[in-house]
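My entries follow the display.

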Amino acid sequence: MLSIRSFSRLRWHVPHTGLLAALSLTSLLASAQTVQLTVQPGDPKLLISKHIQGQFAEHLGRCIYDGIWVDEKLNVPKQGRIRMDVVRALQKIHVPNLRWPGGCFADTYHWHDGVGPTAQRPKMLNMWWGNNLEDNSFGTHEFLELCQLLGTEPYLAANVGSGTVQEMAGWMEYLNSNDDTPLVLERRKNGHPEPYKVSWWGIGNESWGCGGNMTAEYYTDVYKRYATFAHNYPASPPLKKIVSGANGDDANWTETCMKRIPLNQMWGLTLHQYTLPTGSWSGSKGKATGFGEQEYFNTLRNGLRMEAIVTKHAAIMDKYDKDKKVALLVDEWGVWTDVEPGTNPGFLYQQNTLRDALLAGTTLNIFNNHCDRVRGANLAQAINVLQAVILTDKERMLLTPTYHVFDLYQVHQDAQYLPLQFQSPDYVLNGEKIPALNASASKDKNGAVHISLVNLDPNKPLTLETTLPGVSWKSVSGRILTSATVADYNTFDKPTNVQLADFKGAKKKGSNLAVTLPAKSVVVLELK
Ligand code: AHR
């Protein structure tokens, strides 16, 4: 049942338009659980960047080693040591960019140790993640071969915390120049005659924390120094230089970066925001599986903070960059729980439930609805770490519920943004409430309209009465992700426990669309 306090959230759902005056209290109360939704024509020039659906692969636990790069003897299809079952699954969701080598690891990584004959590469201790021995067998060439197989944009994080300006500049020269310098000759000798043309460069990672514990003022000076020597080479496209941004709602970090770094020295500014079921970094972060409804509710409530956080940073950026030239990149996000019992605590291996998929759909909807500023994001992390889309166990692999959300949402990649207007009913538990419904919409280059809908209420379906002024369409189809409980997940023995199905709950009624959205579901509709 809607309460009068629900009015205060109206703007939450319509970030680019104001609907405030449209609904009276009487009509709200009368239409409990039935949502009137309008799909607006929008601005043809405003696109949802495909890069919102980026992934992140760090040298952490079993993401790279086991997840991507395996022992020659492992009985899976391989190209060299890259496992092709994983590659094929990632190809299917069209990963637009892949961030590497970290994370915290990036600020300890010395790229030159990871090129040349494998046997001669020095080993190092992975000090952030379990102190295990990193043999550098997966280095720059191997990562870029993976990107080429995936058809994805490489997004490299340069070592600012413990590396030098010279080291970073050398990596750029090695990859992007085609002049006969010693580094270019070395690249050619290592098997790649042509420049790799890598344009996405993060200058540090979490420089307020594991990247050097810097103050915002100090980091901006360091950034400008590194960025000065981040050269463009004629053989490659200009660099997209990316500022290491804020932790969660740290407004001062964003304000300082925007104030002190000239706009022409940055292409993007990052933001990291994780969702912990308990909301606390000390003690238990919360369960990955086997949680009850209260922990489910708390996880969603904490995850929905992304809306306020993105709004806050975007508003600060607007003050210094009215034309929205600088992209906000949420290049680490996802659910972070306690690790699976019996696994190395430093490896951050966790299972992944329907709850996490619902939150992934919600978060991608938030990013889509802020696509004027959010032009990139990276789920943490792709394989075997945190909210992974893929889990592996030796030869076996499975697709998590979160993978299926990326599969559903790929229709939004580079499509025109369509604003939505609606008032969500509440999902209420023990006196607290969150909006049950969230959504986003786009129109692709062929004119098909896609609407992604998430019902977070685990108990109640929603009915949607949808109008689409200006859209002419003949048929609707859709796919749904749901399961018997929000704590359901896929195992290596039952890898299709939670999977996509055709959705039959949408009907054309004249020029309108009627939808019955099941409890705890993600649905993507196609109208054409
Ligand atoms: O994704 C795991 C870690 O979380 C990353 O290495 C770091 O950047 C963040 O703190």
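Predicted model: local features only at pLDDT ≥ 70, side-chain atom pairs only at ≥ 80, totals over all residues.

For Glu-332, I noted a polar side-chain atom that lies 2.7 Å from an oxygen atom of the ligand. I then turned to Asn-205, where an N or O atom of the side chain is 3.1 Å from a ligand oxygen atom.

I next checked how far the protein covers the ligand: of the 280 Å² that the ligand exposes when taken alone, the protein buries 94%. I also looked up the site itself and recorded that the space taken by the ligand is the largest pocket.

Which residues come nearest to the ligand? I counted 13 residues around the ligand, and the nearest of them are Glu-58, Cys-104, Glu-206, Tyr-274 and Glu-332. By class, I sorted the shell into 7 nonpolar, 3 polar and 3 charged residues.

My second topic was the strand pairing. I found that β14, residues 390-393, runs antiparallel to β15, residues 396-399, and that 4 bridges join these strands. I looked up the partner of Asp-393 and found that Arg-396 in β15 is bridged to Asp-393.

How many residues lie between β14 and β15? I noted 2 residues between these strands, which form a hairpin. In the turn, I recorded a positive phi of about 50 degrees for Lys-394.

Conventions
Residues numbered from 1 in each chain as written. Heavy atoms only, no water. Near = heavy atom within 4 Å. Polar contact = N/O pair within 3.5 Å; in protein donor to acceptor, adjacent residues only side chain to side chain. Areas by Shrake-Rupley, 256 points an atom, 1.4 Å probe, with all protein chains shown as cover. 1 Å grid on protein atoms, 1.4 Å probe; cavity = no way out; pocket = protein on both sides within 12 Å on 5 of 7 lines; lining within 4 Å. Sits in = over half its atoms within 2 Å of the grid points. Nonpolar A, V, L, I, M, F, W, Y, C, P; charged D, E, K, R; others polar. Pairing = 2+ DSSP bridges.
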